[in-house]
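Dear colleague,

I am handing over the structure that we discussed, and my notes on it follow below. Please read them beside the coordinates.

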Amino acid sequence: MENVFLNLLKRLKAPKCRAFNRFFDYMGAIFNRQLRMKVILMKVLLMIAVVNDMLFTEQLKDRSVFVDGFIKFSNVRKRYKMGEIYVYALAGVDFVINKGEFVVVAGPSGAGKSTVLNILGGMDTCDDGEITVDGSRVDKYNREKLIEYRRYDIGFVFQFYNLMQNLTAVENVELAAQICKNALDPKSVMIDVGLEHRLNNFPSQLSGGEQQRVSIARALAKNPKLLLCDEPTGALDSNTGKEILRLLQSACRQKGMTVIVITHNTALQPMADRIIRINSGKVSDMYINKDVVPIERIEW
Ligand code: ADP
């Protein structure tokens, strides 16, 4: 087979086939040029791939472009009927939050912040839109699923603490821990929030800051996926408020918990990883804060 091919080439290269020879030389030159072009093209493509890979790695480091979609609100709407009229609390809210972020949801009174938090926490439902938390569609949950979700996945911290007045501080935490599967030890959590000396005091015997610590301990003892805080410093002076924020931030940084704080106080924004601004039932702005300011430097 090889011999046949060589003979054919020899015959083609014979003087009587000069036209053919020129044709083959010409084709060979074109082929060589094309081959060189292809090699250059491949090198360029390889360089683009390497640069792209480097850029993508940078993007992963830069949390502003990396989105894991741990929490996602898509066109979420909510209206309330007040007599004959409807109040549109949320008019199409969209945002994403990554796992382990410290998020501040800010906006004026009546903007829709509490409605967002209540819907995210399964205490209220939306009329329209999609809500995803850790891969599950919360907007599709029925009543039983919502109870389970609130019980196991959500820790709530309220402005006015909402403690059981006839239970001691540690009993308040134990009560929450009892209804959860992977609850933490109530006493250890009370020690973590700096209340080891207040275990057996009733809420009425505690200061506002201490009561808020108990309510944070109660939320943390559930070992939830999300810690949702509705104006947690609203009833506290600024120094006590800072201590509470430090506690919430350490839950985020040390335990990797996703913490969402709603506030009308814009001064708190610099301490957050992500800021979501809400106005008239819509997200007016959302951005990543690359220069998180330590709580000590925040003034309000
Ligand atoms: P924010 O927390 O930003 O102060 P809210 O989410 O509490 O705002 O309220 C948004 C809007 O929805 C307001 O106009 C409020 O009056 C209305 N709203 C909230 N909850 C209810 C409700 N249960 N019934 C009727 N209107 C409500």
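Ligand shell and the sheet beside it

Helix H3 gives the largest share of the shell around the ligand, namely three residues, where helices (H or I, at least four residues) and strands (E, at least two) are DSSP runs numbered from the N terminus. This is a predicted model, in which local features need pLDDT of at least 70 and side-chain atom pairs count only at pLDDT 80 or more, while totals for chains, interfaces and linings use all residues. Residues are numbered from 1 along each chain as its sequence is written.

The residues surrounding the ligand include Tyr80, Met82, Gly107, Lys113 and Thr115, a residue being near a molecule if its C-beta atom, placed from the backbone, lies within 6 Å of it. Two or more residues of this shell come from each of strand S1 (71–82), strand S2 (85–97) and helix H3 (113–120).

An open, antiparallel sheet is formed by four strands in the order S2-S1-S4-S5, with two strands taken to pair if DSSP finds at least two bridges between them. S2 and strand S5 (136–137) each have a single partner strand and stand at the edges, so one side of each is left without a neighbour in the sheet. Strand S4 (residues 128–133) pairs with S5 over two bridges in the antiparallel sense, and Val133 stands opposite Ser136 in S5.

For the chain as a whole, the secondary structure comes to eight helices and ten strands.

With best wishes
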